[in-house]
Amino acid sequence: MSNDASDSTSPASERALAFFQDEFALHDRSLATALDTALERQIDYADLYFEYTTTDSVALEEGIVKSGDRHLEQGVGVRAIRGERQGYAHSDDLSLDSARLAAGTARAIADETSGHAPVAIDSRGPERDLYPISTAPTDVPVADKVGWLNEIDRYARGKDNRISQVMASVVSQQKHVLVAASDGTRVADVLPLVRLNVQVLAADGSRREIGYQGAGGRFELADLQDPARWQTLVDEAIRIALLNLEAEACPAGAMDVVLGPGWPGILLHEAIGHGLEGDFNRKKTSAFSDKLGQRVAAEGVTVVDDGTIPGRRGSLNVDDEGTPTQRNVLIEDGILVGYMQDRLNAGLMGVAPTGNGRRESYAHLPLPRMTNTFMLAGEEEPEDILRSVDNGLYAVSFGGGQVDITSGKFVFSASEAYRIENGRIGAPVKGATLIGNGPDVLTRVSRIGHDLALDEGVGTCGKDGQGVPVGVGLPTIRVDALTVGGTEG
Amino acid sequence: MSLADPVENMKAIVERALDAAKQAGATQADVMLVESDDREVRVRGDEVEFVKQAQERGLGIRALVEGKDGLQTAVVSTSDLAPDAVDRMAAEAVALAREIAPDPNAGIPESGFATSIPDLDLFDPADRSVSLDARIEDAKQAEAAARSADPRIDNSEGSQASDGFARIIYGNSHGFLESYESASHGLFSEPLARDGDSMQRDYWMTVSRHLSRLEDPAEVGRKAAARVVRRLGAKRVPTCEVPVLFDAMTAPSLIGQLTSCVNGYSIYRESSFLAERMGDTIASDLVTIIDDGRLPGGLGSKPFDGEGQATRRNVLVDGGRLESWILDTYAGRKLGLPTTGSASRGTGGAPHAGTTNLWLEPGEGTIDELIGEIDRGLLVTELIGMGFNPTTGDYSRGAAGLWIENGEVVHPVEEITIAGNLGEMLLQIDRVGSELLWRGRTASPPLRVARMTVAGE
């Protein structure tokens, strides 16, 4: 047991521990006492999650920065687990007193008292830092962000006279977390998160179209402020808006679809990712339940969820239960080999946690969630993949998606797509929803490109009303016979 | 369950924040304080899966300072209500506002504040004393009823009961300072059914300001069970154009999407396909849409909006004619119109225009009668995905439902999309049913769109 932060942990972990000790007097001995309160009843496991998050957002529209918001979120969540039962209480008062009170509420799921041994906090922390930064994004002066947004506005308006509106916003977050658990775990982390959003409106005669592009991740805000980076992003938003001014009606029905690299990886997130989360499989409510070891994708398809990629939006040093994140192979050469687990579901299924226990905030229960989910590259040239399709759809950018875990049916909505005619890219078509069946869609992946790309860092995944930042990635792939929800029969 | 402090103490915190903002140099300020006490319990099978309890408070301070050509605005929010924290946050809001551009339209409203706080039947004090065990019992009854309704129901995502109590206090530098309390109680059940290779889930829920007005727990479970069992054996249909009937669960999403296109912010930003259509016929004459913030017992009811303005009844669409935008003070000033009392606001940001209790006026006919009138078409019972573009009206969503031939349901349908353009769909609404059931802040009876593209095999 130790009260100092001199262990072999990363600078981020040390800074976070020092922060909670200095600002809120959260020392190991007092954390252990709060956990002891929960364990006075017959409880298998209890944990405390302290959070202190500052988020600021500055937004421009109509050529001026109209708003600045700063939000401070702080609190503690206390959980007690017994078997499949969870007792959970949270308070927005970040203190040991409220942690103890909440522990008293959380333990109410068990009636029997217990003679447990006192919790011994054993100092642990992530030994790596996937997101080392020198300046917290929330410490970058607001004036700099205002100046930057004005520059973005001028640049966008100067690009094309059909651009009639520009909306841009920069969101900066710095989150401190501390997890302490009855098994002695004590882990802390500091998580930066930045994001730039640019939306333009293009008008031509009576037609209007929006183009959106965003980028972000766990890195210095200065990286986004590099003109080479944000100008590319603005150019992209403008290109999409202008392209959609020309878009024709989208075809309807089953057809061969080529997905471009990067963000179209949302296919994996919806079609198979959620279905491979431990909770649904432990309860056997997923279309993928009991399919471990079976073929769920074509040969050559390997899908991983990797929370350890430096600087990515979906990356974490440790998950929200203190388990270090890792690279988890979900599908290997077409065979289902693994699920994503948090502690509760891993324990009940008799497997190890995989570092996927995540929560939106102290006010939410941890759940098995994705981090960065992508398909490994194949060997084909993207041009050859397009050439292989006689008549179909080439979809390169998407909005959101959704899945019904139980039936396996999933959708994702294209925001930039083209007809493919005789192996060539044809006219752009209006956005349309694509729908498929998770357990078999990857068996119809017939070609895989060598051009794996990860997305720009804008994904937020929703589950049980909780949003968490995630990433996706995909090489160019061909999927045979996917249903495209256009209007042209 | 209770809200711990007397309302006077909370009002004093709001006054302190207003004073501190003024001291720091704010020309105008307004403050929102929200207190909540929430509880959720979920039962799955015979087991209590989780019990969740929380009391929270949030304070949002909007400070406006005088700039060269207008006011500069910033919002700071926190859950720390200690006096020194409140003072610090108010000063921070003023400092932040000085960095923001002056906007000639910014500012809190000058007049129109609620002069009385009518009792809108938003809670029953007796419900505060309901025990956790009683709500666990409700969830158990719903779960048991769902699980025993049919042998093919062998699993579930569980049945969940929730209670929430809230107090909202709003004050501004014009001297307005009022509060109101509300409650929300719910019961939700989501069973799974299996038949051969087909596994399906569906749900039913009941929500009310009063515990006593919730549907009977066993009834919730039975309705959820009936909805899931009828989905077993679902298949795709060939791509076609047919009449599409939206049931009372899915029709509200269409009304909600239309409403996002008459929101004042989308209008001045020119990002709505309806931006230049005020006064025009935008829907069939069967379509009358109302937003009423003072519906007694309504899940969206409140005596004043997020800027202290008296809430009211706004007719948005009357017999197909577009009659009103949805406006807060800012969007109103941008469009040269008064606010419609529709400022929606949490503690975390500036007000925005939003709806309260929004509904499509009912017509005639039960859902069975509406099904009986269709020769060949689709009844949509679930929609997934976000495939709607408010700027163009283009609409394309994933759907599940029931296939209709000669006025009768012949089989369930899944893995299809329905697509069209909302502008055309609204004009093609040729039937509106009678059933209006509130499960949230937006409700609609079943409605039929004469023709849409269904994409399948």
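Helices, of at least four residues, and strands, of at least two, are DSSP runs, numbered from the N terminus. On that basis chain A comes to 11 helices and 22 strands, and chain B has 9 helices and 20 strands. The model is a predicted one.

**Overall dimensions**

The table sets out the values for each chain.

| Chain | Residues | Radius of gyration | C-alpha extent along principal axes | Buried residues |
| Chain A | 489 residues | 24 Å | roughly 75 × 55 × 35 Å | 59% |
| Chain B | 457 residues | 24 Å | about 70 × 55 × 35 Å | 57% |

For chain A, a compact globule of 489 residues would have a radius of gyration near 23 Å, so the 24 Å of the chain agrees with that rule. A compact globule of 457 residues would also be near 23 Å, and the 24 Å of chain B agrees as well.

Contacts within the chains can be split by sequence separation. In chain A, 76% of the contacts with a separation of 6 or more are between residues 24 or more positions apart. In chain B, 73% of the contacts between residues at least 6 apart in sequence join residues at least 24 apart.

Helix α2 of chain A covers residues 28–38, and its buried residues are A:D28, A:L31, A:A34, A:L35 and A:A38. Seen down the axis of α2(A), these residues fall within an arc of 125 degrees, so they line one face of the helix. They pack against β1 (45–61), β2, α3 (96–106), β4 (163–181) and β5 (186–204) of chain A.

Helix α7 of chain A, residues 266–273, has 8 of its 8 residues buried, so the helix is largely enclosed by the rest of the structure. The buried residues of α7(A) include A:H269 and A:E270, along with A:I266, A:L267 and A:L268.

**Domains of chain A**

Chain A is divided into domain 1 (11–245) and domain 2 (252–485). The centres of these two domains, taken over C-alpha atoms, are separated by 23 Å. Their contact takes 36 residues from domain 1 of chain A and 26 residues from domain 2 of chain A. On the domain 1 side, the elements that give two or more residues are β1, β2, β3, β4, β5, β6 (207–217) and α6 (227–245) of chain A. Among these, β2(A) gives the most, with 6 residues. By class, this side of domain 1 of chain A has 17 nonpolar, 9 polar and 10 charged residues.

**Domains of chain B**

In chain B, domain 1 spans 7–227 and domain 2 spans 234–457. Their centres, taken over C-alpha atoms, are separated by 24 Å. Here 31 residues of domain 1 of chain B are in contact with 26 residues of domain 2 of chain B. The elements giving two or more residues to the domain 1 side are β1 (28–44), β2, β3 (70–78), β4 (153–172), β5 (177–195) and β7 (204–208) of chain B. β2(B) gives the most to that side, with 4 residues. The residues on that side of domain 1 of chain B divide into 18 nonpolar, 9 polar and 4 charged.

**A sheet in chain B**

Chain B contains an open sheet of 5 strands with mixed pairing, in the order β11-β10-β9-β14-β19. β11 (321–322) and β19 (442–443) of chain B stand at the edges with a single partner strand each, so one side of each is left without a neighbour in the sheet. Strand β14 of chain B, residues 358–360, is joined to β19(B) by 2 bridges, and the two strands run parallel. Within this pair, B:L358 has B:T442 of β19(B) as its bridge partner.

**Contact between the chains**

How many residues of chain A are in contact with chain B? The contact involves 64 residues of chain A and 60 residues of chain B. Strand β2 of chain A, residues 64–82, gives the most to the chain A side, with 12 residues. By class, that side has 21 nonpolar, 29 polar and 14 charged residues.

Strand pairing also crosses between the chains. Strand β3 of chain A, residues 85–91, is joined by 6 bridges to strand β2 of chain B, residues 47–67, and the two run parallel. A:Q86 stands opposite B:F50 in β2(B).

Key:
Residues are numbered from 1 along each chain as its sequence is written. Chains are lettered from A and ligands numbered from 1 in the order in which they are written. This is a predicted model: local features need pLDDT of at least 70, side-chain atom pairs count only at pLDDT 80 or more; totals for chains, interfaces and linings use all residues. A residue is buried if 20 or more other C-beta atoms lie within 10 Å of its own, exposed if 12 or fewer, and partly exposed in between; C-beta atoms are placed from the backbone. Two residues are in contact if their C-beta atoms, placed from the backbone, lie within 7 Å. Ala, Val, Leu, Ile, Met, Phe, Trp, Tyr, Cys and Pro count as nonpolar, Asp, Glu, Lys and Arg as charged, and the others, Gly among them, as polar. Two strands pair if DSSP finds at least two bridges between them. The radius of gyration is taken over C-alpha atoms; the globule rule is 2.2 Å times the number of residues to the power 0.38. The arc is that of the directions from the helix axis to the C-beta atoms. Domain bounds come from an automatic or database domain assignment.
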